[in-house]
Amino acid sequence: MSGNKTFTMIKPDAVAEGHTGAILKMIEEAGFRVVAMKKTQLTPERAGQFYAVHKERPFYNDLCDYMSSGAIVPMILEKENAVTDFRTLIGATNPANADEGTIRKLFAKSIEANAIHGSDSDENASIEGSFFFASTEQY
Ligand code: ATP
Ligand code: MG
């Protein structure tokens, strides 16, 4: 059975361009409840830990530099089938392949500066949520 929580972060390109409010509106209108949210910035080291699964990939260093280049807005979200439904809402990794009306189609600039992250499994949603929020910050 799929779980009811996922983790997301609005990435530096979208925050810097002032899209936080518009993206949050889309998330809430799609039926997700914000359980925890803050504005923060990753160091390159912390970005590297978050994306450690990609450390052998050629884009890893650029990804860590980019993800630590400005403020981000991490959130824990709640909804039935949260992980799957949220991946549908954000669209494909490369905005060129993202469906019309998805967050990445509307706001992402490139495959790297792609506006938003969404966890890819219930297990990773839990791990990633704990990376940013203490359990006492979750309501
Ligand atoms: P995310 O984990 O950020 O939600 P995703 O699950 O759609 O994205 P992943 O395969 O997990 O995609 O890749 C993580 C991130 O690494 C992508 O969001 C993107 O910013 C970057 N990335 C992935 N593939 C490439 C690539 N070929 N070139 C450059 N950057 C890439
Ligand atoms: Mg991913």
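A polar contact here is a pair of N or O atoms within 3.5 Å; within protein, one must be able to donate a hydrogen and the other to accept it, and residues adjacent in sequence count only if both atoms are side-chain atoms.

First, the ground rules. This is a predicted model: local features need pLDDT of at least 70, side-chain atom pairs count only at pLDDT 80 or more, and totals for chains, interfaces and linings use all residues. Residues are numbered from 1 along each chain as written, chains are lettered from A and ligands numbered from 1 in written order, and side-chain values use heavy atoms, without hydrogens and water.

Now the ligand. Asn114 puts a polar side-chain atom 2.9 Å from an oxygen atom of ligand 1. Ile111 uses a polar backbone atom, 3.2 Å from a ligand oxygen. On its own, ligand 1 has 570 Å² of accessible area, and the protein covers 80% of that (Shrake-Rupley, 1.4 Å probe).

What surrounds ligand 1? There are 13 residues, the closest being Lys11, Arg87, Thr93, Asn114 and His117 (a heavy atom within 4 Å). The shell divides into five polar, four charged and four nonpolar residues.

Next, the aromatics. The whole structure holds seven aromatic pairs (ring centres within 6.5 Å; planes under 30 degrees apart are stacked, over 60 edge-to-face, the rest tilted). Take Phe50 and Phe131: edge-to-face, 5.5 Å centre to centre, 70° between the planes. Phe50 sits in helix 3 (residues 44-50) and Phe131 in helix 7 (residues 122-132), so to speak distant parts of the chain, 81 residues apart.

Key:
Ala, Val, Leu, Ile, Met, Phe, Trp, Tyr, Cys and Pro count as nonpolar, Asp, Glu, Lys and Arg as charged, and the others, Gly among them, as polar. Rings of Phe, Tyr and Trp (its six-membered ring) pair if their centres lie within 6.5 Å; planes under 30 degrees apart count as stacked, over 60 as edge-to-face and the rest as tilted. Helices (H or I, at least four residues) and strands (E, at least two) are DSSP runs, numbered from the N terminus.
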